[in-house]
Amino acid sequence: MIHLLFMLVIGEMALILTLMFKSPIRKLVILSMDQMKQGRGPLVMKSVGGTMVVIFISTIYVVMGIQKRSTDAAGVVNPTDEVLKAQHLLQASLIGFSLFLALMIDRLHYYIRELSLLRRALEAFK
């Protein structure tokens with residue numbers, strides 16, 4: 001699961017870089033995002049985002065349980081618990097970062113669309 005999350009974060013970062021700089025690929029990405037935001041796209045994205053939030057909360061809950069178990073054992077830390085805690089912390093941080101990047105992608109798309117509409121209106125006004 002961690003490999004999948006790393007690929008997701010890298011893909012989202014590449015998409016953000018594509019949206020940040022004006023290039024021919026940017027127009028293609030904006031058009032494809034416009035198509036995704038029509039029809040059932042928003043419902044699917046909200047479902048996927050909600051599922052990721054639930055997994056994120058569950059992972060944080062597991063980390064808190066491991067932390068509580070290690071403090072209840074009079075300070076004796078089990079090496080297995082350390083490894084599990086590190087893995088769950090990595091998974092939680094990747095999911096949180098992925099959700100943040102998805103929000104950034106959505107806002108960048110919105111701002112780029114609004115800016116292009118304003119430029120067209122300004123050119124039509126002149």
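**Close-up views of helix packing and pockets**

**View 1. Helices α3 and α4 cross each other in a left-handed way.** In a left-handed crossing, the near helix is turned anticlockwise from the far one by less than a right angle. This is a predicted model, in which local features need pLDDT of at least 70 and side-chain atom pairs count only at pLDDT 80 or more, while totals for chains, interfaces and linings use all residues. Residues are numbered from 1 along each chain as its sequence is written, and side-chain values use heavy atoms, with hydrogens and water left out. Helix α3 (residues 41-72) packs against helix α4 (residues 79-125) at an angle of about 150°, with their axes 9 Å apart (axes are lines fitted to C-alpha atoms over the stretch in contact, and angles run from 0 to 180 degrees between N-to-C directions; helices are DSSP runs of H or I, at least four residues, numbered from the N terminus). Among the residues that make the contact (heavy atoms within 4.5 Å) are Met52, Phe56 and Ile60 of α3, together with Leu84, His88 and Ile95 of α4. The residues of this contact divide into 13 nonpolar, 7 polar and 3 charged (Ala, Val, Leu, Ile, Met, Phe, Trp, Tyr, Cys and Pro are nonpolar, Asp, Glu, Lys and Arg charged, and the others, Gly among them, polar).

**View 2. Helix α1 (residues 2-20) and α4 cross at roughly 25°.** Their axes come within 9 Å, and the angle makes α1 roughly parallel to α4. The crossing of this pair is left-handed, and the contact of α1 with α4 has 20 nonpolar, 3 polar and 1 charged residues.

**View 3. The largest pocket has a volume of about 670 Å³.** A pocket is an open set of points on a 1 Å grid over the protein atoms alone, where a 1.4 Å probe fits, with protein on both sides within 12 Å along at least five of seven lines, and lining residues have an atom within 4 Å of a point; a volume is the space filled by probe spheres set on the points, which are joined across faces, edges and corners. Of the 20 lining residues, Met36, Met45, Ala102, Ile105 and Asp106 are the closest to the centre of the largest pocket. Helix α3 gives the largest share of this lining, 7 residues, and by class the lining has 12 nonpolar, 4 polar and 4 charged residues.

**View 4. The second largest pocket has a volume of about 490 Å³.** Its lining has 15 residues, of which Lys27, Ile30, Ile112, Ser116 and Arg120 lie nearest the centre. Helix α4 supplies the largest share, 8 residues, and the lining has 5 nonpolar, 2 polar and 8 charged residues.

How values were computed
Helix = DSSP H or I, 4+ residues; strand = E, 2+ residues; numbered from the N terminus. Parallel < 35°, antiparallel > 145°, perpendicular 65-115°, else oblique.
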